[in-house]
Amino acid sequence: MTEKSEFDDSPMFRTALAQLDRVAAKLNLEADVHERLRLPRRALVVSIPVRMDDGNTQVFLGYRVHHSTVLGPTKGGLRYDKDVSLGEVTALAMLMSWKCALMGLPYGGAKGGVRVNPRQLSKRELEHLTRRYTAEIILLIGPDLDIPAPDLGTDEQTMAWMMDTYSMTQGKSVPGVVTGKPIIVGGSAGRREATGRGIVYALYQALRHLGLELKGRKVVVQGFGNVGSVAARLLWREGAVITGVSDVKGGIWNANGLDVRQLEAYIAESGGVSGFPGTVAVSNTDLLEQPCDVLIPAAVGGQIRGDNAERVKATVVVEGANGPTTPEGDSVLRDRGVTVIPDILANAGGVIVSYFEWVQGLQYYFWRESEITSRLQEVMTRAFNRVWALGQKEGTDLRTAALMEGISRVAEGYRVRGLYP
Ligand code: NAD
């Protein structure tokens with residue numbers, strides 16, 4: 001077994017590896033296949049010089065990692081965050097491999113990242129950063145090679161710049177090189193809402209199995225970005241009570257619930273959730289410990305840990321973010337009987353509709369939003385129920401069951417394809 005690697009300095013990578021090793025033992029995975037799954041197929045580190053608005057040049061670090069290509073071209077988001085590292089991106093690429101396999105998508109896992117605080121850059125600087133990053137990783141991406149999508153700190157506009165940069169090098173438009181792009185240039189209806197919507201479908205199934213109703217449930221959402229805001233809005237529309245939300249600057253709380261539509265209008269003017277009338281301020285840490293039925297961490301990794309999981313009041317945790325719970329936090333929640341819907345299941349709506357976008361683009365034939373949402377619901381519901389049934393059969397939590405299914409499918413790909421040369 002590889003003892004130490006470049007990726008080990010990242011807590012998220014160590015967590016991903018610990019999860020893989022635990023499940024590999026449970027699956028009795030052959031040592032050679034297990035060993036191949038522990039490291040990415042390839043990882044590229046690039047420096048990205050950007051001429052800033054003040055005339056100075058600043059150099060940023062960027063990464064693109066392909067974890068596994070055994071089931072098809074790779075798929076995975078692009079993250080702009082000040083804490084991005086090679087280890088974190090590699091861990092996220094590994095999670096993408098399990099997630100795509102669990103959902104039955106013909107993809108391997110990838111991820112990209114740039115170490116930057118995107119809120120400190122102007123729009124022009126962000127465009128230059130994105131275009132230069134795309135040029136630096138161009139050998140690794142393409143519609144049948146590796147297809148990036150938005151993630152933390154990136155959005156539709158980022159994808160439009162990536163698609164345009166790639167297309168310029170090909171002398172033609174290549175919409176299939178990214179997903180999550182604006183509809184006008186080949187994006188899919190329902191992609192922006194897909195991850196949040198998938199969370200609602202997964203939660204709905206979990207509550208059904210637990211004999212609980214969604215209506216009237218108190219819900220807390222950490223991170224009010226693409227994933228968190230859509231989940232909050234849809235749950236609120238379904239009659240859930242959204243008692244607390246947050247963004248990077250902090251959280252807000254009202255025990256009687258927030259009007260999510262008014263909150264969104266407030267954010268559009270003020271730029272953040274803080275100061276929304278009728279709420280009290282809470283920190284991001286305290287928000288996780290507020291009384292509620294459902295907690296949705298939808299921001300960054302490592303939020304629910306051994307030192308605070310005891311104080312989480314929710315009976316269901318839905319992991320909108322990737323890796324929001326550490327193994328220590330996970331084991332505390334498990335011992336306390338909290339149902340955790342793991343990231344690779346809960347937040348898969350994004351990659352499912354990305355797959356729909358890619359397929360529509362390749363065929364130049366686009367579906368109605370109602371078709372997208374009903375197919376998304378079908379894929380999410382089937383996956384959730386398979387994972388639930390496996391968990392019951394094996395006597396395991398949902399994370400272990402989801403990883404067992406995802407990892408065993410990727411392993412089977414390695415088995416049947418064999419080892420080149
Ligand atoms: P986003 O940038 O749109 O929103 C992130 C939100 O979290 C914002 O409200 C931001 O202010 C807040 N935030 C950022 N750093 C924070 C911190 N340190 N503490 C607390 N809050 C912080 O990003 P997103 O696309 O909504 O992604 C959120 C999470 O969901 C990420 O972990 C991402 O990997 C995961 N995810 C996203 C998608 C997708 O389709 N966008 C799919 C699957 C998983």
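Predicted model: local features only at pLDDT ≥ 70, side-chain atom pairs only at ≥ 80, totals over all residues.
Q: Fine. Which domains does that give for the protein?
A: The assignment gives domain 1, covering 11-173, and domain 2, covering 194-346.

Q: How many residues does each domain put into the contact?
A: Domain 1 supplies 12 residues and domain 2 supplies 10 residues. The C-alpha centres of domain 1 and domain 2 are 26 Å apart.

Q: And where does the ligand lie relative to domain 1 and domain 2?
A: The ligand lies between them, because both domain 1 (11-173) and domain 2 (194-346) give residues to the shell around it.

Q: Which residues come nearest to the ligand?
A: Arg79, Asp151, Gly153, Thr195 and Ala299 come nearest, out of 22 residues around the ligand.

Q: How does that shell divide into nonpolar, polar and charged?
A: The shell has nine nonpolar residues, nine polar ones and four charged ones.

Q: What about the backbone of Asn226 and the backbone of Val248?
A: For Asn226, a backbone N or O atom is 2.9 Å from a ligand oxygen atom. For Val248, a polar backbone atom is 2.9 Å from an oxygen atom of the ligand.

Q: How much of the ligand's accessible area does the protein cover?
A: On its own the ligand has 830 Å² of accessible area, and the protein covers 86% of that.

Q: Back to Thr195. Where is it, and is it buried or exposed?
A: Thr195 sits in helix α6, residues 194-210. Its relative accessibility is 8%, so Thr195 counts as buried, the cut-off being under 20%.

Q: What does Thr195 touch in the protein, beyond four places in sequence?
A: Thr195 touches Val227, Ala346, Asn347, Gly349 and Gly350.

Q: Changing topic: Gln360. Which helix, and buried or exposed?
A: Gln360 is in helix α12, which spans residues 349-363. Gln360 has 0% relative accessibility and therefore counts as buried.

Q: Which residues is Gln360 in contact with, leaving aside neighbours within four places?
A: Those are Ser188, Tyr365, Phe366, Trp367 and Ile372. With Trp367 there is a polar pair: a polar atom of the Gln360 side chain lies 2.9 Å from the backbone nitrogen of Trp367.

Q: Now the backbone geometry. Which residue has a positive phi of about 55 degrees?
A: Asn28, although it is not a glycine. Most residues other than glycine have a negative phi.

Q: Where is Asn28, and is it buried or exposed?
A: Asn28 is in the loop between α1 (11-27) and α2 (31-37). At 67% relative accessibility, Asn28 counts as exposed.

Q: And what is phi for Tyr364?
A: Phi of Tyr364 is near 50 degrees, again positive in a residue other than glycine. Tyr364 is in the loop between α12 and α13 (369-394). Its relative accessible area is 66%, so Tyr364 is exposed, the cut-off being over 50%.

Q: Last one: which peptide bond is cis, with omega near 5 degrees?
A: The bond from Tyr420 to Pro421. Pro421 is in the segment after α14 (398-417). Most peptide bonds are trans.

Methods:
Residues numbered from 1 in each chain as written. Heavy atoms only, no water. Near = heavy atom within 4 Å. Polar contact = N/O pair within 3.5 Å; in protein donor to acceptor, adjacent residues only side chain to side chain. Areas by Shrake-Rupley, 256 points an atom, 1.4 Å probe, with all protein chains shown as cover. Nonpolar A, V, L, I, M, F, W, Y, C, P; charged D, E, K, R; others polar. Domains from an automatic or database assignment. Helix = DSSP H or I, 4+ residues; strand = E, 2+ residues; numbered from the N terminus. Buried < 20%, exposed > 50% of the residue type's maximum accessible area, 1.4 Å probe, protein only. Contact = heavy atoms within 4.5 Å.
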